[in-house]
Structure formats: structure tokens, C-alpha cells
Amino acid sequence: MHRRRFVGAATAAVAIPLVASRPPRVGTSDVVRLHDSVEALVALDAEHGGHAALERAALAGADEALGLQRRSTTQRVRQRLFGLAADFTATAAWSLIDARQLAAAGKHLDRALTLAGMAQDSDMTMQVWNLRAMLARQQKDYGTAVAAAQAAQATHVARRSPLHASLAHARTAVGLANSGDRRGALRSLGRAEDTMGKADTTQPRPIWIAFYGPAELYSLTATVRDIVGDPAEAEAAAHKALAALPENYRRNRAHTTARLALAQLHQGDVEPACATSADVFTIMSGDPLPGRMRQLLGTFHRDLITLAPPRIAHEWADRYRTEWSPV
């Protein structure tokens, strides 16, 4: 695998990065500049969630990387630029997955996988398979979600990096849980925990996986436990996730809070669940809810209708309809 520039965590960003003017010669400085742009986009996503402007900026970055690749004079720089094009394209795909524009996201992932192959970049290949698993889950194609997560497990980077392996096992657990395989889901979750225990989370890592650590594993544990019918364990895991999440991961915090509300509701704690769900809107105040989060709150509303007195479900919908419903 060719050398890449790594970062310890995403940093705050307040605007879509502008594409700088192209220098006459292509070299390492171009790679560093484009990687900085990817970093800024990932930070923007962590703060605000996926949206159309982020997708456009990511695709512009991919086009620039490919344009520079055609002018490059060394194979090493060409492959790094292919890797960056894959990274930008995967970032565009993720923005659409988060916004629940799923058909277009799949096309971006197909392109990103091709670019990662041309870059001979195992890390980028795993990123694409991880996103493919998430996309398939959103499409309720749980067999494909499991297969994609298992493909992520099989990548070279997952075989040598406990952190990457942990994410791949956790993603497999989510797919199996949705497929109704409780035993397999909990087994994969256990493997995710075991490999996380072997990972050094203080070491630098690629920016795309900067989000993953104990907090995100707790969040995915909450998801799996709730799906397989263990809401008390899901609530405990969600609380641990929220305690460990970095402040700049605002979208992740809101998503985990929605998961906590579901776990409380599934234990019959209707009033605490409604109060917790209200925190989602507070956390995301000032930004529209990404489509994936709206879907999760839609699940909360449907379960609230089933499990709570009709008056409470109607009041919740009336109070939050404007903020929760698609614009």
C-alpha cells in the first residue's frame, strides 16, 4: 500500500473548501492539498450531516484528482491521486447515504471501488465496502449488507489492523441483526469488541475512519442490541456512546440519542423516550435533519403509535412535524 497522509481526528470546518488553482507541475504538494480538502469535507459531515453541497464539493475534488493524475509523471503520485479520487467519491456517496438518496449513492460507490482498485489501496477498498454495507442496510437488502461487511473483513487492511477489523465485524453484526440472526449478530459483535481491545486508538488513522472508536462501537452495539430485542442493553450502550463521543461529532451524537430514545421506548418508558427524542432536535438545531436521521425518528414515531397512548403519539408528531418531516 502506498504511503498516505493521516490525521488523528476530524477537525471543525465551517465552509465547503474551495478548489485551489492548479499548479503547472503535479507532485506531492497536490496530494497534500487534496487530502486537506477531504479532511475538511469529513469534518463538515461530522458537524452537519450529508447534503447536496457536500456531494458536489466531493465530486469536484474527485474530478480534480483525476485531472491531475492524467498530468502526473510518476506512478507513485498517479496511484495516490487515484486513491484520493476514490476517497472523494466515497465521501460523495456517504453524503447521499446520510441524506437517503440511495440510488445515486450506489453509482458513486461503484466508481469509488474501481478507483480504489486502480490505486491499489486496500484502505480505500475497505471504506467502499463499509459504505456498501451501510447502503444495503438502508435499502433493506440485508443479505448484501452482510456480504459487503464480510468483504470489508477480507481486505488486507482489515487483516492487519484491529481497528479496521473491529469496524468490519460491527458492520457485519448490524447486517445479521437485521436479517434475524441473533446468534450470529452477537457473535460478530463480540469479535468487534475483541479486536477493538487490540487496537491502539491513540495512533493516527486515515481520516475516513477517524469516527470509529469505542464510542462508535458502543453506538453500533446499541443498534444491534435493540434490533435483536435487548433494549435494556441497548440503552446502556447508548449512554456509554454518548459519554465517549467527541463534541465535534454532532450528527453522530444526535443519531445515537435517537437510538437511546428507541431503546427507552422499547422498555415501555414512554415519557423518558419522548424527552430523549426531543434532544435530537436540540442537538441539530440550525441544520436540517439528514434523511437517515429522519428515517430513524420515523421509526420512533411508528413505535410510539404502537406502544403509547394515542394522545402522546399525536402530541409528539404535532410538536415536531415541521422539524422532523422532509423539507
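Student: What volume does the largest cavity have?
Tutor: In this predicted model, the largest cavity has a volume of about 600 Å³. A cavity here is a set of points on a 1 Å grid over the protein atoms alone where a 1.4 Å probe fits but cannot get out. Points are joined across faces, edges and corners, and the volume is the space filled by probe spheres set on them.

Student: And how many cavities of 30 Å³ or more are there?
Tutor: The count comes to two.

Student: Which residues lie nearest the centre of the largest cavity?
Tutor: Trp94, Met134, Arg171, Phe211 and Arg251, out of 32 lining residues. A lining residue has an atom within 4 Å of a point.

Student: Which elements give two or more residues to that lining?
Tutor: They are α1 (28-48), α3 (75-99), α5 (122-138), α8 (162-178), α10 (214-227) and α12 (250-265). The largest share, seven residues, comes from α5. Helices are DSSP runs of H or I with at least four residues, numbered from the N terminus.

Student: How does the lining of the largest cavity divide into nonpolar, polar and charged?
Tutor: There are 15 nonpolar, 10 polar and seven charged residues. Ala, Val, Leu, Ile, Met, Phe, Trp, Tyr, Cys and Pro count as nonpolar, Asp, Glu, Lys and Arg as charged, and the others, Gly among them, as polar.

Student: Nice. What about the largest pocket, how much space lies in it?
Tutor: About 360 Å³. A pocket is an open set with protein on both sides within 12 Å along at least five of seven lines. The largest pocket is lined by 18 residues, and Arg137, Asn178, Arg259, Leu296 and Thr299 are the closest to its centre.

Student: Which element gives the largest share of the pocket lining?
Tutor: That is α14, with six residues; this helix spans 291-307. The lining of the largest pocket divides into four nonpolar, seven polar and seven charged residues.

Student: Switching to rings: how many aromatic pairs are found?
Tutor: Five in the whole structure. Rings of Phe, Tyr and Trp (its six-membered ring) pair if their centres lie within 6.5 Å; planes under 30 degrees apart count as stacked, over 60 as edge-to-face and the rest as tilted.

Student: Why is the pair of Phe211 and Tyr212 edge-to-face?
Tutor: Their planes stand at 65 degrees, with the centres 6.1 Å apart, so the pair gets that label. Phe211 is partly exposed at 21% relative accessibility, whereas Tyr212 is buried at 1%. Buried means under 20% relative accessible area, exposed over 50%, and partly exposed in between (1.4 Å probe, protein chains only).

Student: And Phe281 with Trp316, why is that pair tilted?
Tutor: The planes are at 55 degrees and the centres 6.4 Å apart, so the pair is tilted. Phe281 sits in helix α13 (residues 270-283) and Trp316 in helix α15 (residues 310-324), 35 residues apart. Ring pairs also link Phe281, Phe300, Trp316 and Tyr320 into a cluster.

Student: Which residues have the most contacts inside the largest nonpolar core?
Tutor: Leu34, Leu81, Leu84, Met126, Tyr212, Leu217 and Val224, in a core of 60 residues. Such a core is a set of buried Ala, Val, Leu, Ile, Met, Phe, Trp, Tyr and Cys residues joined through side-chain atoms within 4.5 Å.

Terms used. Residues are numbered from 1 along each chain as its sequence is written. This is a predicted model: local features need pLDDT of at least 70, side-chain atom pairs count only at pLDDT 80 or more; totals for chains, interfaces and linings use all residues. Side-chain values use heavy atoms; hydrogens and water are left out.
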